[in-house]
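Hi,

Here is the structure I promised to pass on. Have a look at it first, and then read my notes below.

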Amino acid sequence: MRTEASVALTLPEPCLVVLVGAAGSGKSTLAARLFSAEQILSSDAYRGAVSGDESDQSVSRVAFRLLHRDLDRRLAAGLTTVVDATSVTSYARRSLTRIAPRHGLAAVALVLDLPPDLVLARNATRPGRMVPEAAARQQLADLARSLRRDEFALDSFT
């Protein structure tokens, strides 16, 4: 029998929530459980809107430009917004979190740091959205590097 743990998450309202984790770590699942669909900006969905294929990495630059535009608009309107993207490097996180203070809002990171074997196994079974294993391993390494450097300290979000 499987039971699900209940998690209470208290966030400032409104705020920016940045999900951080490698492909297959459960970011989209977590977002869907904790937030309404209208609050979530998914990099995969933007890739799909641009190219018709959520896994098409060749359109990431355009997809993220659109995601950042919509994020800025939502935060300007005072709407809690969740960004569902890997965000495993400090550069990727900063490009998102620097938008929140411009609108007087807090930025919060939810980091999914799971065992690499579990993440790789989950990624391998993702229907239609599997990330190549080498890319997933690089994401795991980038996340580990970020955690070692303590790049998640509060002052890194301002």
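Before anything else, a word on exposure: buried means under 20% relative accessible area, exposed means over 50%, and partly exposed lies in between, with a 1.4 Å probe and protein chains only. Keep in mind that this is a predicted model, where local features need pLDDT of at least 70 and side-chain atom pairs count only at pLDDT 80 or more, while totals for chains, interfaces and linings use all residues. Residues are numbered from 1 along each chain as its sequence is written, and side-chain values use heavy atoms, leaving out hydrogens and water.

Now the overall picture. You'll find seven helices and four strands in the chain (DSSP runs numbered from the N terminus: H or I of at least four residues for helices, E of at least two for strands). Along the sequence they come as β-α-β-α-α-β-α-α-β-α-α. Of the 158 residues in the chain, 42% are buried.

The four strands form an open sheet in the order β2-β3-β1-β4, with parallel pairing (two strands pair if DSSP finds at least two bridges between them). At the edges sit β2 (40-42) and β4 (106-111), each pairing on one side only. From one strand to the next, the twist averages 20 degrees (axes are lines fitted to C-alpha atoms, for helices over the stretch in contact, and angles run from 0 to 180 degrees between N-to-C directions). β2 pairs with β3 (residues 81-84) in the parallel sense over three bridges, and there Ile40 stands opposite Val82. Helix α1 (residues 27-34) packs on the sheet and touches β1 (15-20), β2, β3 and β4; contact here means heavy atoms within 4.5 Å. The direction of α1 makes about 150 degrees with that of β1.

Asp44 is in helix α2 (residues 43-51) and is buried, at a relative accessible area of 15%. Its side chain makes a polar contact with the side chain of Arg47, at 3.0 Å (a pair of N or O atoms within 3.5 Å; within protein, one must be able to donate a hydrogen and the other to accept it, and residues adjacent in sequence count only if both atoms are side-chain atoms). Leaving aside residues up to four places away in sequence, Asp44 touches Glu54, Arg126 and Arg129.

Gln57 is in the loop between α2 and α3 (60-76), and it counts as partly exposed because its relative accessibility is 48%. Gln57 and Asp44 are 13 residues apart along the chain, with 9.2 Å between their C-alpha atoms.

Cheers
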